[in-house]
Amino acid sequence: VLVRQFHEDFLHRKKNMDKPTVLITGSLGQLGQGLAKLLRGKYGQYNVIMSDIIKAPDHILETGPYVYADILDFKNLQEIVVNYRVDWVVHFSALLSAIGEQNVPLAMRVNVEGLHNILELSNQYGIKLFVPSTIGAFGPDSPRNPTPDLTIQRPRTIYGVSKYYHERFGLDFRSLRFPGIISSDTNPGGGTTDYAVAIFHEALKHGHYQCYLEPDTMLPMMYIEDCLRSISEFMELPNDQLKMRTYNIQAMSFTPRILEDIVKRYIPHFTMTYKPDGRQAIADTWPMVFDDSNARRDWNWRHQYDTERLCQVMFEALVPKYR
Ligand code: AKB
């Protein structure tokens with residue numbers, strides 16, 4: 001206990017008291033490490049607490065505070081919020097669309113019960129809360145090209161349902177509906193848009209990729225740097241600038257075929273085959289193009305990476321790894 005107390009005192013002394021203290025749940029997933037780095041750069045190393053339910057690798061522990069946080073254990077969450085004096089929570093823990101369909105009871109617990117705990121917690125402690133939403137929050141009855149912010153939402157996956165049925169209670173709740181996120185140093189875990197990350201690795205490793213979606217399946221996508229910057233910009237906005245609590249945002253839309261053609265320009269011997277599986281049925285219900293004009297108008301959202309630039313940065317980052 002004494003050691004822990006010492007540890008917490010130490011962290012408090014090192015914190016920037018004029019900056020928010022941010023807790024990131026599920027921080028070892030695709031988005032958490034990058035966001036922690038970005039926010040630590042802005043608010044200070046000790047102002048961002050990474051958390052998850054698995055042991056962190058050493059390189060994560062070296063970057064700043066990391067704690068065990070089980071979003072299904074309310075007392076554990078309370079303890080962290082109190083001990084670290086948390087001001088903001090960024091709630092990333094979730095089972096993605098494809099993996100969620102394989103274990104719906106678990107997805108219900110993590111995505112619905114877990115989110116409920118986070119909402120309760122934020123309400124109780126006056127926390128500013130960010131929860132990412134997704135193209136998966138829409139369904140086959142929504143217009144798909146383009147999909148506006150306010151439209152019919154009847155998602156068909158448990159993941160989409162959980163991202164749709166969020167409650168608010170009047171707390172400072174903010175959410176962005178993200179497209180598929182593409183990153184080079186972290187991997188998505190069981191989503192429908194994962195092919196757009198896997199293709200780069202497989203192209204470099206084997207010169208071949210077997211895609212689980214049909215060649216003409218168009219989905220909205222975004223490079224991770226745009227995604228993380230959008231969260232940071234959105235969380236810093238004054239309340240009165242937000243006309244809505246949840247905005248669509250996107251950067252580009254492409255199909256596997258479009259990506260295949262660009263990858264071939266970098267790796268001429270690259271071949272791609274198509275063998276659609278259950279993820280095709282999910283993708284077929286999702287938006288093809290996201291209408292993010294409200295975000296562009298209300299808080300000046302601008303993406304910086306289109307499909308060409310995305311491919312360029314992915315190859316720049318990954319070529320040295322597979323050399
Ligand atoms: C998924 O494919 O499940 C995610 C998402 C679009 O939210 N990448």
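Student: In strand 4, which residue is the bridge partner of Val-22?

Tutor: Trp-88 is the partner of Val-22. This is a predicted model: local features need pLDDT of at least 70, side-chain atom pairs count only at pLDDT 80 or more, and totals for chains, interfaces and linings use all residues. Residues are numbered from 1 along each chain as its sequence is written.

Student: How many bridges join strand 1 to strand 4?

Tutor: Two strands pair if DSSP finds at least two bridges between them. Strands themselves are DSSP runs of E, at least two residues, and helices are runs of H or I, at least four; both are numbered from the N terminus. Here four bridges join strand 1 (residues 22–25) to strand 4, and the two run parallel. Strand 4 is also joined to strand 5 (residues 128–130), in parallel, by three bridges. Within strand 5, Phe-130 is the bridge partner of Val-90.

Student: Which residues of strand 4 are buried on its two faces?

Tutor: In a regular strand the side chains alternate between the two faces of the sheet. A residue is buried if 20 or more other C-beta atoms lie within 10 Å of its own, exposed if 12 or fewer, and partly exposed in between, with C-beta atoms placed from the backbone. In strand 4 (residues 88–91), Trp-88 and Val-90 are buried on one side. Val-89 and His-91 are buried on the other, so both faces are covered.

Student: What share of the protein chain is buried?

Tutor: Buried residues make up 42% of the 323 residues. The chain has 13 helices and 13 strands. Its radius of gyration, taken over C-alpha atoms, is 20 Å, close to the 20 Å from the globule rule (2.2 Å times the number of residues to the power 0.38), so the chain is as compact as a globular protein of that length.

Student: Which residues lie around the ligand?

Tutor: A residue is near a molecule if its C-beta atom, placed from the backbone, lies within 6 Å of it. The residues around the ligand include Leu-96, Ser-97, Thr-134, Tyr-159 and Pro-188. By class, the shell has four nonpolar, seven polar and no charged residues. Ala, Val, Leu, Ile, Met, Phe, Trp, Tyr, Cys and Pro count as nonpolar; Asp, Glu, Lys and Arg as charged; the others, Gly among them, as polar.

Student: Is Thr-134 buried or exposed?

Tutor: Thr-134 is buried, because 28 other C-beta atoms lie within 10 Å. Thr-134 is found in strand 6 (residues 133–134). Contact means C-beta atoms, placed from the backbone, within 7 Å. Leaving aside neighbours within four places in sequence, Thr-134 is in contact with Lys-163, Arg-177 and Phe-178.

Student: Which peptide bond is cis?

Tutor: Most residues other than glycine have a negative phi, and most peptide bonds are trans. A cis bond joins Asn-145 and Pro-146, with omega about 0°. Pro-146 sits in the loop between strand 6 and helix 7 (158–164).

Student: What is phi of Arg-85, and what is phi of Asn-300?

Tutor: Phi of Arg-85 is near 50°, a positive value. Arg-85 lies in the loop between helix 4 (74–83) and strand 4. With 14 C-beta neighbours inside 10 Å, Arg-85 counts as partly exposed. Phi of Asn-300 is near 65°, also positive. Asn-300 is exposed, with 10 other C-beta atoms within 10 Å.

Terms used. Two residues are in contact if their C-beta atoms, placed from the backbone, lie within 7 Å.
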